[in-house]
Amino acid sequence: MTNTLLETLWRADRVLAGAVALVALAAGGMAGAAIVYNPHTDKPAIVEAVQEPVAPAPTPMETLIAADPALVELVAEHKCLSEALYFEARGEGAKGQVAVAEVIFQRLRNKNYPSSICGVVYQGQKSKDGCQFSFACGKKKAVVRNEKEWNSAQMLAARILTTGVRMDDLTSKATHFHAISVSPEWADHLVKTIQIGNHIFYRDAPLSRKS
């Protein structure tokens, strides 16, 4: 993600927050109306002519997204970040998921990696070199099966993108990680920084140490 785009997206966080608030208010208002409104039933019902179904009006979120190209991209980036947190670190707690997010953002700062969250998360999907994020290169498409964990990942991703969660370099600038259940060859060429939950994190080795 370029610096200009980053700045644009960070400004868009206010729009995202406003959109979420509007959606919440709309839902709350509809629920309230359903509770308060009690139509009388002592009059004959009026049979109306059958009408063709009308397309639902766009939600406040959809309207805001359509009006702001930066928000369109922000929503896409949010989805990719949510997927990475869910598929790579669900069950690892907020700390473990934030650590994975740190790897993504550390790569964004490195010119050797793609310049968008989605680019980083899905890098290698169409190559023979494989992916850092294993779910992106699975033989079968990854499917969300735990709605509670998925909602939690989406919420955390939104808070990260809108600076509601600070990333304090838990991983010491790590650009790689793997589960403790595997021992990838590339780990020998990197510097181990920390283990958080079931993941071990690494950063690039100094040039003098690289083989």
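User: A crossing is left-handed if the near helix is turned anticlockwise from the far one by less than a right angle, and right-handed if clockwise. Which hand does the crossing of α4 and α6 have?

Analyst: Heads-up: this is a predicted model, where local features need pLDDT of at least 70, side-chain atom pairs count only at pLDDT 80 or more, and totals for chains, interfaces and linings use all residues. Residues are numbered from 1 along each chain as its sequence is written, and side-chain values use heavy atoms, leaving out hydrogens and water. Helices (H or I, at least four residues) and strands (E, at least two) are DSSP runs, numbered from the N terminus. As for α4 and α6, their crossing is right-handed.

User: How are α4 and α6 oriented to each other?

Analyst: Axes are lines fitted to C-alpha atoms, for helices over the stretch in contact, with angles from 0 to 180 degrees between N-to-C directions. Those of α4 (residues 93–108) and α6 come within 11 Å and cross at roughly 50°. Under 35 degrees is roughly parallel, over 145 roughly antiparallel, 65 to 115 roughly perpendicular, and the rest oblique. The two helices are therefore oblique.

User: How many aromatic pairs are there?

Analyst: Rings of Phe, Tyr and Trp (its six-membered ring) pair if their centres lie within 6.5 Å; planes under 30 degrees apart are stacked, over 60 edge-to-face and the rest tilted. By that rule, the count is 7.

User: How many residues apart in sequence are the parts that Tyr 122 and Phe 135 tie together?

Analyst: Tyr 122 and Phe 135 pair edge-to-face, 5.7 Å centre to centre with 75° between the planes. Both lie in the loop between α5 (117–121) and α6 (147–161), so the pair ties together parts whose separation in sequence is 13 residues.

User: Is Phe 135 buried or exposed?

Analyst: Buried means under 20% relative accessible area, exposed over 50%, and partly exposed in between (1.4 Å probe, protein chains only). Tyr 122, at 24%, is partly exposed. Phe 135 has 12%, so this residue is buried.

User: Which strand holds Tyr 202?

Analyst: Trp 186 and Tyr 202 form an edge-to-face pair, 5.7 Å between centres and 80° between planes. Trp 186 sits in the loop between β1 (176–179) and β2 (190–196), 16 residues from Tyr 202, which belongs to strand β3.

User: Which residue stands opposite Tyr 202?

Analyst: Two strands pair if DSSP finds at least two bridges between them. β2 and β3 pair in the antiparallel sense over 6 bridges. Opposite Tyr 202 in β3 stands Lys 192.
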